[in-house]
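Please look over the sequence and the model shown here, beginning with a ligand site and moving on to a sheet with its helices.

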Amino acid sequence: MTLLVRKYGGTSVGTIERIEAVAEKVIGYKQRGHDLVVVVSAMSGETNRLTALAKEIDPRVRGRELDVLLTTGEQVTIALLAIALEKRGYPAKSYTGGQVKIVTDTAHNKARIVSIDAGNVRKDLHEGRIVVVAGFQGVDEEGNITTLGRGGSDTTGVALAAALDADECQIFTDVDGVYTTDPRVVAEARRLDKITFEEMLEMASLGSKVLQIRAGEFAGKYDVPLRVLSSFEEGEGTLITSEINEDDSVEQAVISGIAFNRDEAQLTINGVPDTPGIAFKILGPISDANIEVDMIVQNIGADGSTTDFTFTVHRNDYDLAMTLLQRIAEELGAREVAGNNKIIKLSIVGVGMRSHAGIASRMFEILANEGINICMISTSEIKISVVIDEKYLELGVRALHDGFDLADEEEE
Ligand code: ADP
Ligand code: ASP
Ligand code: MG
């Protein structure tokens, strides 16, 4: 007998018909004698709808009460799915995150799971029930409701699979696996049979929302066998695994995928006196305001005594970061402050990059051939990211996908 944790995303439970279809699929598996824990998201659009309601009252809403509100979305779908299962004669039981108990830290809106007491779930499984758990939520030590950040149901699924030592965690979504890039942007994108945790994590953190970053982190850390599949079509999906062995070398391309992030904004402070501690003086107040900084570039100024400093933040933080930077510029006697919130980050990812020189220059050549100007560059062992104007997003992704032959079947 196997134990599977299956997570169904918002589109997969977006209507009553779809919830009933999920129930049928789950029952099919149960009939083959296996145990199932099903994690569900809110119906598609629901989390956005609830957020918009709260924002009508307070556009800057965050924290505890927002979590109380947002978790209701998943509470609806667990109950509906359990009702659909019971109607078909299959004993089922729904659980909110707090009821499981999924305990998190206190960071409302982006909490991290600290522990899971899956005793109740185990008991239900043992007694033959299908267990349905609300994704994206938990409670802190004090019992306050928390959420795990957008896309967090993936993490609930993986964390439960780890806690229950499940045979596989299956993420059912509206595409049939992980592709070389978002198939909604590049129609020729190719589905990968396998991808390493390391690459998946990098793709997720660079903007591919097919899997939440923390789900990848969790799966890697606890070695949870993880698969991304379609809710609507049959297929093997994409296996996310720690090692891709020699026999699978067909998958070991230099570049595995292209990710992009539309949520970026860039800020620059020009003509800052080039003295020790300058980076701290600029970024200290930004981090004190809880604004996360992504890429950072400091140039040597032409005159030798001043420098220019550029960094990127989430687009939602742009206005606040700009206000802070203007104040910092005045204090430091800097020449000027500039900004651009119409930029995106485009990245190529692949473990094969480690052993291949010249990938960066090839990337820059491909973009140059399309007349795309690069504003910033950042590299690591397995990725190269550039910041470009948002109007070039689709052109850039397609050109790189083409230029690195990602659509082709692999050569030997
Ligand atoms: P769910 O609601 O099921 O959690 P999401 O919308 O969060 O689904 O994630 C699935 C979406 O991720 C796809 O519809 C696709 O547009 C997007 N996506 C981005 N990058 C990729 C990629 N490399 N491979 C597959 N899908 C991707
Ligand atoms: N419903 C939440 C969201 O839309 C969590 C999830 O779907 O994973 O972000
Ligand atoms: Mg998702």
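An oxygen atom of ligand 2 is placed 3.0 Å from a polar backbone atom of serine 153, a polar contact being a pair of N or O atoms within 3.5 Å. Side chains take part as well: an N or O atom in the side chain of serine 41 is 3.1 Å from an oxygen atom of ligand 2, and a polar side-chain atom of threonine 47 lies 2.8 Å from a nitrogen atom of the ligand. Taken alone, ligand 2 exposes 260 Å², of which the protein buries 86% (accessible areas by the Shrake-Rupley method with a 1.4 Å probe).

This is a predicted model, in which local features need pLDDT of at least 70 and side-chain atom pairs count only at pLDDT 80 or more, while totals for chains, interfaces and linings use all residues. Residues are numbered from 1 along each chain as its sequence is written, chains are lettered from A and ligands numbered from 1 in the order in which they are written, and side-chain values use heavy atoms, with hydrogens and water left out.

Elsewhere, 4 strands form an open antiparallel sheet in the order β15-β16-β14-β17 (strands are DSSP runs of E, at least two residues, and helices runs of H or I, at least four, numbered from the N terminus; strands pair if DSSP finds at least two bridges between them). Because β15 (293-300) and β17 (336-340) stand at the edges with a single partner strand each, one side of each has no neighbour in the sheet. Strand β14 (residues 264-273) is joined to β17 by 5 bridges, and asparagine 270 stands opposite glutamate 336 in β17.

Key
Polar contact = N/O pair within 3.5 Å; in protein donor to acceptor, adjacent residues only side chain to side chain.
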